[in-house]
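Hi everyone, thanks for coming.

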Amino acid sequence: MGESGGKRWNFGANEVVEQSCSQNVRYFLNLLADNLDGNDGRAVIPLGHGDPSPFPSFRTDPAAVEAVCHALRSAQFNHYSTTSGLPLARKFMFLFNAAYALLVPKGNTLNRLIGLAVAEYLSRDLSYQICPNDVHLTAGCHHAIDVLISTLAVPGANILLPRPTYPMYDSRATFSKLEIRRYDLLPDNGWEVDLDAVEALADDKTVALLLINPCNPCGNVFSRQHLQKIAETASKLGVLVIADEVYMKMAFGEKPFVSMAEFAEIVPVMLLGAISKRWSVPGWRFGWMVTLDPHSFMKDSGLVHSLANVLNMSTDPTTFIQGAIPDILGKTKEDFFSSKLETLRECAETCYEEMKKIPCITCPYKPEGSMFTMVKIEFGHLEDIKDDLEFCCKLAKEESLIILPGRAVGLRNWLRITFAVELELLVDGLSRLNNFAQRHSKKHP
């Protein structure tokens with residue numbers, strides 16, 4: 001509550017909002033931007049956030065652009081959407097997600113015939129089929145997170161989030177008063193999940209465990225064997241697995257990407273995804289949630305019904321983007337994806353090798369997926385910097401280089417580096433980082 005001019009007003013700041021906001025990436029990026037030196041004539045190099053769309057090497061496929069233009073010009077997608085998205089878009093999500101099967105409702109004969117054919121093809125190695133009604137379209141993956149966390153946040157509940165993490169989950173959980181319990185990803189073990197910690201943290205109020213694969217912020221890709229262990233542990237504990245696969249198929253190392261959908265027979269899975277990363281179009285705001293629930297645990301518990309009710313109170317992805325989805329998913333050539341993956345691989349390799357030249361930086365694991373890596377600051381080599389935030393603020397001021405402090409993703413005194421930029425820009429940025437580190441290194445007599 002506040003006072004102005006001697007009068008008391010019955011409104012004011014929301015402390016929960018302030019606390020929640022301070023846990024997200026934008027908060028720290030804005031803070032770092034405020035530390036930039038306006039007199040530095042060099043261009044700012046952005047290695048702090050995951051949006052490579054402005055760079056020519058990561059520009060989206062022309063077929064996707066044409067699909068959106070065609071849908072918009074058709075004037076067939078100017079209306080409101082249905083709660084979980086247009087049936088047309090929802091149907092074609094299954095053509096894109098090759099791990100899933102499709103069974104189209106009986107009311108539409110043509111769609112049913114198409115769906116049955118796709119279901120036969122996609123279900124060969126699965127023991128269940130998924131109905132398009134289990135796909136809920138969202139205005140990007142952020143919206144999916146909002147809806148899902150709001151649905152799970154019943155009084156007294158808690159959720160298991162990784163450390164380090166993607167902090168939007170932390171922000172939304174804090175805002176929704178859903179207790180956060182953190183399990184570690186182990187840097188010396190390829191950033192695998194500390195499953196012993198997961199078991200120790202969970203209780204009968206734990207509703208879900210979050211897994212991000214390929215991993216933001218660590219850059220690792222979980223093996224099939226480890227995913228199965230995670231599924232078995234979650235099943236033992238009676239918790240839902242939230243599988244954030246917004247970076248699906250963006251794996252460029254030795255480990256192939258395996259979807260958590262492969263383990264839905266073991267544990268119920270809520271799969272989140274979007275076109276934002278693989279197509280480099282985060283501004284198009286198109287994502288999805290898929291309930292992988294062959295044993296109807298989520299349905300019988302009432303979770304699916306509650307999820308639908310939250311969606312009823314929420315917004316929808318833009319209808320002309322939904323209308324374009326069949327062509328976006330169906331007409332984008334594999335050459336586009338393979339070229340982009342090769343660019344990411346080269347950038348990741350360069351980043352990893354350049355890190356070895358910087359005396360105060362340790363990179364414990366070579367990135368093999370997503371567009372990030374986590375590196376540790378060795379403060380024993382530095383003489384006038386006390387923590388990761390001071391490191392990044394001084395770096396922004398002195399070198400016009402933006403790198404995210406580890407505390408932004410839940411791991412203090414580390415850094416999250418984004419390598420999805422033009423290679424020349426990445427090399428320049430890492431050179432600036434090296435210069436900064438040398439300048440602040442302890443001087444030995």
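Counting cavities of 30 Å³ or more gives two in this model, and please keep in mind that the model is predicted. How do we look for such places? Rolling a probe the size of a water molecule over the atoms shows where empty space is left.

Let's begin with the largest cavity, which holds about 50 Å³ of space. Around it you'll find Lys-249, Met-250, Arg-278, Phe-337, Lys-340, Leu-341 and Leu-344. Four of these lining residues are nonpolar and three are charged, with no polar ones.

Now for the second largest cavity, at about 30 Å³. Its lining includes Pro-162, Pro-164, Thr-165, Tyr-183, Cys-215 and Phe-222. Two elements each give two or more residues to this lining: strand E6 (179-186) and strand E8 (206-212). By class, eight of the lining residues are nonpolar, two are polar and none is charged.

How many disulfides does the structure hold? The count is zero. As a reminder, a disulfide is a covalent bond between the sulfur atoms of two cysteines.

Finally, Cys-347 is in no disulfide either, and its nearest cysteine sulfur, in Cys-351, is 8.9 Å away. Cys-347 counts as buried too, with 1% relative accessibility.

How values were computed: Residues numbered from 1 in each chain as written. Predicted model: local features only at pLDDT ≥ 70, side-chain atom pairs only at ≥ 80, totals over all residues. Heavy atoms only, no water. 1 Å grid on protein atoms, 1.4 Å probe; cavity = no way out; pocket = protein on both sides within 12 Å on 5 of 7 lines; lining within 4 Å. Points joined across faces, edges and corners; volume = space filled by probe spheres on them. Nonpolar A, V, L, I, M, F, W, Y, C, P; charged D, E, K, R; others polar. Helix = DSSP H or I, 4+ residues; strand = E, 2+ residues; numbered from the N terminus. Disulfide = S-S within 2.5 Å. Buried < 20%, exposed > 50% of the residue type's maximum accessible area, 1.4 Å probe, protein only.
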